[in-house]
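Colleague: I am new to reading structures. Could you take me through a few features, one at a time?

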Amino acid sequence: MKNTVKIIRKYFQKFPEDEKNLKLLKNQTKDCINFFDRKNFTGHVVANALILKENKVLTIFHNKLQMYIQPGGHVDETDPSVIDATIREVEEETGIKDIVLDRWHKKTGIPIFIETHLIPENKKKQEKKHYHYDFMYIFRTKTKNINLQLEEVSGFEWVDIENVLMNTPESFIGRSLKKMFKLDILK
């Protein structure tokens, strides 16, 4: 995971318009910090999957957040890469084992989108407020079998891409999909 700074810099080269919203992340690349340490209370990277099947995107109902989001979660020290962490999280949360990383990532080596948001203090876990840097990766699947990890998620929906773009275009998923159309990943 030593390539993280390189991936972030490459991301900013491809998407310089995102630097403004990700100033804290960019500043952290100057310090030699562990981007995956959950006790890094400035901010740390988390892995997210945009799973596509035909003209639909998978959303899961996150029990703690009480909303539908994309599958994903924290990167563990045992994960060889953020992409591997994403695959592990998808399998844990949904049971899907046949996801295929989109070829765009294989060409570029970067996430399609990075979003940052503040995580509130969690006294139970002794975690101060901090930021998550959500790295979004695109996957495709043909699976119909979903086996939810009910401790974390309690529902799922395959949502029409068009509905996301019409109803929630500024969501993390919506902005990722818009970027995909702009780059001709989706047509």
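Modeller: Start with a side chain. This is a predicted model. In it, the side chain of Glu-93 reaches the backbone nitrogen of Gly-72 at 3.1 Å.

Colleague: Where is Glu-93 found?

Modeller: Glu-93 is found in helix α3, which covers residues 82–94.

Colleague: What is the nearest side chain of opposite charge to Glu-93?

Modeller: That is Arg-88, 8.0 Å away. A salt bridge needs the charged atoms within 4 Å. Glu-93 is buried and has no salt bridge.

Colleague: Which residues does Glu-93 touch, not counting those up to four places away in sequence?

Modeller: Among them are Ile-60, Pro-71, Gly-72, Glu-152 and Val-153.

Colleague: Is Phe-61 buried or exposed?

Modeller: Buried means under 20% relative accessible area. Phe-61 has 18%, so Phe-61 counts as buried. Phe-61 lies in strand β2, residues 56–62. Leaving aside neighbours within four places in sequence, its contacts include Tyr-68, Glu-152 and Val-153.

Colleague: How is a pair of aromatic rings described?

Modeller: By the distance of the centres and the angle of the planes. Here the count comes to five aromatic pairs. One of them is Tyr-11 with Phe-12: 6.0 Å centre to centre, 70 degrees between the planes, edge-to-face. Tyr-11 is buried at 0% relative accessible area, and Phe-12 is buried at 6%.

Colleague: Which residues do ring pairs link into a cluster?

Modeller: Tyr-11, Phe-12, Phe-15 and Trp-104.

Colleague: Which residue lies over the face of Phe-15?

Modeller: Lys-179, at 3.6 Å from the ring centre. Elsewhere, the charged end of Lys-53 sits over the ring of Trp-158, 4.5 Å from its centre.

Terms used. Residues are numbered from 1 along each chain as its sequence is written. This is a predicted model: local features need pLDDT of at least 70, side-chain atom pairs count only at pLDDT 80 or more; totals for chains, interfaces and linings use all residues. Side-chain values use heavy atoms; hydrogens and water are left out. Helices (H or I, at least four residues) and strands (E, at least two) are DSSP runs, numbered from the N terminus. Buried means under 20% relative accessible area, exposed over 50%, partly exposed in between (1.4 Å probe, protein chains only). Contact means heavy atoms within 4.5 Å. Lys and Arg count as positive and Asp and Glu as negative; His and the chain ends are not counted. A polar contact is a pair of N or O atoms within 3.5 Å; within protein, one must be able to donate a hydrogen and the other to accept it, and residues adjacent in sequence count only if both atoms are side-chain atoms. Rings of Phe, Tyr and Trp (its six-membered ring) pair if their centres lie within 6.5 Å; planes under 30 degrees apart count as stacked, over 60 as edge-to-face and the rest as tilted. A charge sits over a ring if NZ of Lys or CZ of Arg is within 6 Å of the ring centre and within 35 degrees of the ring normal.
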